[in-house]
Amino acid sequence: MRIEQELKLGFKDVLFRPKRSTLKSRSQVNLTREFTFKYSGRQWCGVPVIAANMDSVGSFEMATVLAKHDVLTAIHKHYSVDEWSEFVANADENVLQHMMVSTGTSDADFEKMHQILALNDALMFVCIDIANGYSEHLVEFVEKVRESLPDKVIIAGNVVTGDMTEELILAGADIVKVGIGPGSVCTTRVKTGVGYPQLSAIIECADAAHGLGGRIIGDGGCTCPGDVSKAFGGGADFVMLGGMLAGHKESGGEVVVKDGESYMKFYGMSSKSAMDKHSGGVAKYRAAEGKTVLLPYRGSVEDTIQDILGGVRSTCTYVGAAQLKELTKRTTFIRVEEQENQVFGKA
């Protein structure tokens, strides 16, 4: 047993220190980033925000709307190949370029992933997604996928430390997904005692990934646009959002009417709700590591995504970053014990 004494930070522990800026308006800020990925050599240009691959967030409908804003959607892995085929046949190529195909690590998942990717070459992203990215099985699966799909952008996770980030990149991942336990409907930290404060995880994993020419996704923990900015400021190349994009008509969640008000069911993908729906219940050898909540129905995601991107643009004006890629270079975080004045409630 050993204890690391260095303090680790979450988004609530810091604020940006403002800096002198020549920008006159938020409209001058460019949120578009261009990437050429390490192994695949594929190029992608867009706004590096991603709707999470949860079945009450990462839907085909969500991807169709977010692609208009050049934002990505990681499609959840529970659509069938036939459903994918029907969608791809009718989708605009720009939408397909802003979609990630999610997969588990079983032999059946491997075969299904290949069938989906074969539908259209515009599908360039593969998201290999398991809760515990520290499994050697994940490393072996990344190597297998890289060998079979040399021209696809491979994402693998989730991890929270630099050493495992490096191992996944060396195994063939272009992008590593970072985050264990910070999500709004994740209970991993409570059930297992395992986790890592998300901002520190992003800072440390970004440093490891960038040293090898890889990229990272900050996955989880964002509760407001300011948190999205902090993730980018900490070095995340992409930021994945679940709860912030849940509860909309495009989210794919179940609508529940309670006391005359409409709500949408939102749950973690390791929750009892998810396992009852997709796996026939919680297996006897495990515990559910997610919760189920009802969110007030929020209508279209259009206003929400504009609010998120507007907040990030505003952050950039406060620190003098004309482009999103400059934000981390212009970032100085100050540690704080308060975030906002809540005398009239939360914003």
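Is Y39 buried, partly exposed or exposed? Y39 is partly exposed, because its relative accessible area is 31%, where buried means under 20%, exposed over 50%, and partly exposed in between (1.4 Å probe, protein chains only). The model is predicted: local features need pLDDT of at least 70, side-chain atom pairs count only at pLDDT 80 or more, and totals for chains, interfaces and linings use all residues. Residues are numbered from 1 along each chain as its sequence is written, and side-chain values use heavy atoms, with hydrogens and water left out.

Y39 sits in the loop that joins β2 (33–36) to β3 (43–51); helices (H or I, at least four residues) and strands (E, at least two) are DSSP runs, numbered from the N terminus. Setting aside neighbours within four places in sequence, Y39 is in contact (heavy atoms within 4.5 Å) with R146, P150, I169, L170, G172, A173 and D174. M99 is 60 residues from Y39 along the chain, and their C-alpha atoms are separated by 19 Å.

Together with W84, M99 has the most contacts inside the largest nonpolar core, which has 102 residues. Such a core is a set of buried Ala, Val, Leu, Ile, Met, Phe, Trp, Tyr and Cys residues joined through side-chain atoms within 4.5 Å. Not counting residues up to four places away in sequence, M99 touches several residues, among them F60, L72, W84 and F125.

H98 is buried, as its relative accessible area is 3%. A polar atom of the H98 side chain lies 2.7 Å from the backbone oxygen of N94. Beyond four places in sequence, the contacts of H98 include W44, C45, D70 and L72.

Helix α4 (residues 107–117) has buried residues F110, M113, I116 and L117. They lie on the same side of α4 because they cover an arc of only 130 degrees around the axis, taken from the directions from the helix axis to the C-beta atoms. An α-helix has 3.6 residues a turn, so residues three or four places apart point the same way. D107 and A108, on the other side of α4, are exposed. The cover over the buried residues of α4 includes α2 (81–90), β5, β6 (125–129) and α5 (136–148).

One annotated position remains. An unreviewed UniProt entry gives C186 the annotation "active site"; UniProt positions follow the numbering used here, feature names are shortened, and annotations may be inferred rather than shown by experiment. C186 is in the loop between β8 (175–178) and α7 (188–192). Because its relative accessibility is 26%, C186 counts as partly exposed.

Key: A polar contact is a pair of N or O atoms within 3.5 Å; within protein, one must be able to donate a hydrogen and the other to accept it, and residues adjacent in sequence count only if both atoms are side-chain atoms.
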